[in-house]
Amino acid sequence: MNEVTNNNMETLREGSAAKDKRNETDVTLEDKTLVEPPSALYTLMVEEPAQSDDSSSYSMTLSEFEEDRWYNPTSFSDDAAEIESIQRLIKYIRVGNQTATAIALAALVDYNLRDESTQSIVINTGGTELLINLLETDHNECRHGALAVLNEMSYMLGTRRNLTNLGAIPILVKLLSDRSVDLQILSAETLANVAKIKKGRKFIRKAGGIKLMVDYMDVPHQVLKTESEMLPLVQQKLFSLLCNCSKALWSMSKSDKNKDVMRRSGIIPVMAKLLTSVHEDVVSSIMGIIVNCATQPVFRTAIKEQGMLVDILKLLKSSDIEMMNNAATVTFNCAEDPESRKLIKEQGGLNSLVNIVKVESHKCETKLIEAATGAIWKCLMNPDNVKRLEDINGIHVLVRLLDSDSEDVIANTVASLAECTKIGRNKIALRAADGLVPIIKLLQDTGHERILVNVCRVIDNCASDPLCMEQVVSNDGIRLVWSMMKFDSTLVQSTAGHTLVTLLKNTKESSDIMRSLVTGLVMLVDLLKSHDTRVLAAACAVIGILAKEPENLAILTDYDIVQRLSSLVHTSNSDLQAHLSRAIGSCCLLERNCHTFGRLDVVLPISKYIHSNSDLVKQNVTFALHGLSGDATNCVAMESCGVVPVR
């Protein structure tokens, strides 16, 4: 055996020396004396699952496609000696004994296996299949050497796909249970790389890898509370295994099915435990998992109940941008319920979020600012948090974000200001911060639905303040809001309609403004054809105001407004009933409309609104019935309906 080993080592030395002695023309990849077909080795090919089978099934992103350009490798090193040397090593691995194979693997690891051209040589010579088969041998050194090579290669996307398609994942998962911790560590690291592709994530789950990795993450508290270099060797290895498993599950948590398996495997208490670790890389991976999982209500509830939210809020003060971003994202996702918003306030989370967006250098960190402003917006749905924002002069901070290049930042900011301006003193604060005018201008500068909706909400809230109202009028705000009723989004249309009503009620020049809107009355009548109840209610609310102006009412009548309104009276929606009644009552100011409404059988269905549970409906239907009573025939119909009791 020693003689064979010495001969093999001598041959390897000669192969290595050939780099300096052989000419480039002496060897080619097609050299049949150096490359033998892997017929003696079985190659397990795994059929790719149908894409509809799972959310993790394989599909390539644009960046993956670009990286994968060499999956059928054609790019090779210009160094012919290097090609020959790698080919010889693969040949010795294929035909040599265990010792020679172990030596060849050790030599192969010394090459830069993360290089595209080097991997191309290994793949083209059938090296990947050969290495996968070695993982199932009984020789520990061969398994370790083969896994070390595959681990290095797995940092390139093409090899990840290659390993997945060749059935390596079940073998790697099996190695997670090996008695050798070193093999477990290498296997977990390789799986962490393979888990970056969708197909790989599915196969890891199918092979039972999630449960194993969750179990390995549940390490003793001493490992979490002691710096890695201070740990005994055995615990250092446990720590390395923990890091690799957490990175793998970070990628795995992109799939909803994987999240469910992770939860059933007991990852929630493990994550709560690991969040308190002194190791930043562990906390970073756990935060990555939490960010992905916090999109599900069951995880958000667990995050709150397990006390994780308190630890996450502390990370908002981290000096690491990615850590802050993840903490802000989780805060945004968790601030869905009143209890979480209250907890965020009590833990100083709102202060931390405002401090993040205040820092000038953070403005270029778009994802961080988007997450932080989104979390601020949700927190401000709690009135106590609005009060807290006032105390730290947060409205001025928010106004400075209105010039952001990110529409999501602007949308979150305007939504936050919409929550703040529900309180009278904040309307004054917004005006004092010179924030209202740039908000109004957003109506003509963007087509972002959520921005437009919340701009209308801010203007609606501020309309009750006379000085704010002056700014709206002087900056053409009423016309801009009116133009939003032509927007494609039904949500924008309905919000703009109700805002317009508020503006017309609060302006001193309402008659002049209403006359100026005459050219848009056709559009308003057309909105009554909408299938969206909110749009219909908003259009009726605007008609109820505009029809008070005789000129507008005459034009609306010419455009068959009576017929349009009459077709809506059988609705059961209380909001539409209220505004429809107001619109009908206003249209009855023109005498001939009273008779037309009666002829179209409006009296009977609208009389039933009297029995509504809504006070607004009762108030407005009374106004409508008063208008309809201008026609004697309608009065008879009302009496027969029991509107006017017989004495």
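1. The model is predicted, so local features need pLDDT of at least 70 and side-chain atom pairs count only at pLDDT 80 or more, while totals for chains, interfaces and linings use all residues. Residues are numbered from 1 along each chain as its sequence is written, and side-chain values use heavy atoms, with hydrogens and water left out.

2. Cys-594 has its closest cysteine sulfur in Cys-588, at 3.9 Å, which is too far for a bond. Cys-594 is buried at 3% relative accessibility, whereas Cys-364 is exposed at 60%. Buried means under 20% relative accessible area, exposed over 50%, and partly exposed in between (1.4 Å probe, protein chains only).

3. Gln-235 belongs to helix H14, residues 233-252; helices are DSSP runs (H or I, at least four residues), numbered from the N terminus. With a relative accessible area of 15%, Gln-235 is buried. Leaving aside residues up to four places away in sequence, Gln-235 touches Gln-222 and Val-223, where contact means heavy atoms within 4.5 Å.

4. Helices H9 (residues 168-175) and H10 (residues 181-194) pack at an angle of about 145°, their axes 8 Å apart. Axes are lines fitted to C-alpha atoms over the stretch in contact, and angles run from 0 to 180 degrees between N-to-C directions. On the H9 side, Ile-169, Leu-172, Val-173 and Leu-175 take part, meeting residues of H10 that include Leu-183, Ser-187 and Leu-191.

How values were computed. A disulfide is a pair of cysteine sulfur atoms within 2.5 Å. Helices (H or I, at least four residues) and strands (E, at least two) are DSSP runs, numbered from the N terminus.
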